[in-house]
Amino acid sequence: MASSAIHKQTSSFSILTLLPSHPPYKITNPLLLISHSHSNPVQNFKTLYLTMSPLLLLSLLTLLPTLTLSTTPRSLYLVTPEPISLSYHHGPLLTGKLAVNILWYGRFTPSQRSIVSDFFLSLSSPASSPAASTWWHTTSLYHNSTTQLTLGRQVIDSALSLGRSLTSDDLTKLSSRLSPHRNTIAVVLTGEDVLVEGFCMSRCGHHGSAPAGRHGRSHFAYIWVGNSVTQCPGECAWPFHQPIYGPQTPPLVAPNGDVGVDGMIINLATLLAATVTNPFGDGYFQGPANAPLEAVTACTGIFGTGSYPGYPGQLLVDSTTGASFNAKGLGGRKYLLPAMWDPKTNQCTTLV
């Protein structure tokens, strides 16, 4: 490891959709391809490959009406998925009042920064139903106490102090600039003009932890998410852009009129829930520690009732703009938030 590298635990994910139109078929937890690593988040992602000839596939499709299948379209898999059950691994969780510190790296407009800042504030602010704060309340069921978020420091680095191309270690260095400690979450957001190691190829963002303080005896949690609008919106901004694989249905209208940033909100929500419920790799998750399913990634691609791979579910639609959403926030903001696993019901729950 290079001398500048900092040991950290990370969880990364990338949004993909359904199956390619030609063999071989790659089957992952539908819609999300997840990679996790304690060393390099670009490595070690696990997929299941099932190679079929077109004739075999046609034969299977003709047999489908005679097969006993689950009652929901989302469960029509060639490989039966493992039941979702996140276990607690006895590590610390993030609870109480937490300050979210943000570093804006690259090009962001004031409007884009406002959309994201309002999202964080909405998670701990009352709003009319369905409220973003109700979605966030599900995280409190993991530890029977409320996690309240406040907006802390915001640093703008539009000059790209570490260059236009970033490595994973660069992301940790940037998060360390936010004076992190155990009662904060450092969030690094990269603009559409920034290239990040593994971005679009294997991940849309990640969360992890790194040593804090002079002696490194404590650790802080951090998140990174990139704006994919010019690089890979079909992977990291679905359902506001047509997916790379699967049915090419029309994309939804983004609730804040910004495909890239509204896609970032989905990814931020996913990683924020994972950060407070599994901040250091020994909290709540299912599967191996280096490739876990977490609070939201266990419920991949679900946004509303009746969802299935390629279809986000029944959502609310703004009568004026035609935008799809399922959560209301601060100042009339609207967002699309992913389903989260509820530890009380052992089900993936949505707001609508």
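Q: How many disulfides are there by the distance rule?
A: This is a predicted model. A disulfide is counted where two cysteine sulfur atoms lie within 2.5 Å. By this rule the count is three.

Q: Which cysteine forms a disulfide with cysteine 200, and where does the partner lie?
A: The sulfur atom of cysteine 200 is 2.0 Å from that of cysteine 232, and the two form a disulfide. Cysteine 200 sits in the loop between β10 and β11. The partner, 32 residues apart from cysteine 200, is cysteine 232, in the loop between β12 and α5.

Q: Which helix holds cysteine 236?
A: A disulfide joins cysteine 236 to cysteine 204, with 2.0 Å from S to S. Cysteine 204 lies in the loop between β10 and β11, so the pair ties together parts 32 residues apart in sequence, and the helix that holds cysteine 236 is α5.

Q: Is the disulfide of cysteine 299 and cysteine 348 left-handed or right-handed?
A: These two cysteines are joined with an S to S distance of 2.1 Å. The torsion about their S-S bond is about -85 degrees, so the disulfide is left-handed.

Q: Is cysteine 348 buried or partly exposed?
A: Buried means under 20% relative accessible area. Cysteine 348 has a relative accessible area of 24%, so it is partly exposed.

Q: What is the pairing when the bonded cysteines are numbered in sequence order?
A: The bonds are cysteine 200 with cysteine 232, cysteine 204 with cysteine 236, and cysteine 299 with cysteine 348. Numbered in sequence order, the pairing is 1-3, 2-4, 5-6.

Technical notes:
Residues are numbered from 1 along each chain as its sequence is written. This is a predicted model: local features need pLDDT of at least 70, side-chain atom pairs count only at pLDDT 80 or more; totals for chains, interfaces and linings use all residues. Side-chain values use heavy atoms; hydrogens and water are left out. Helices (H or I, at least four residues) and strands (E, at least two) are DSSP runs, numbered from the N terminus. Buried means under 20% relative accessible area, exposed over 50%, partly exposed in between (1.4 Å probe, protein chains only).
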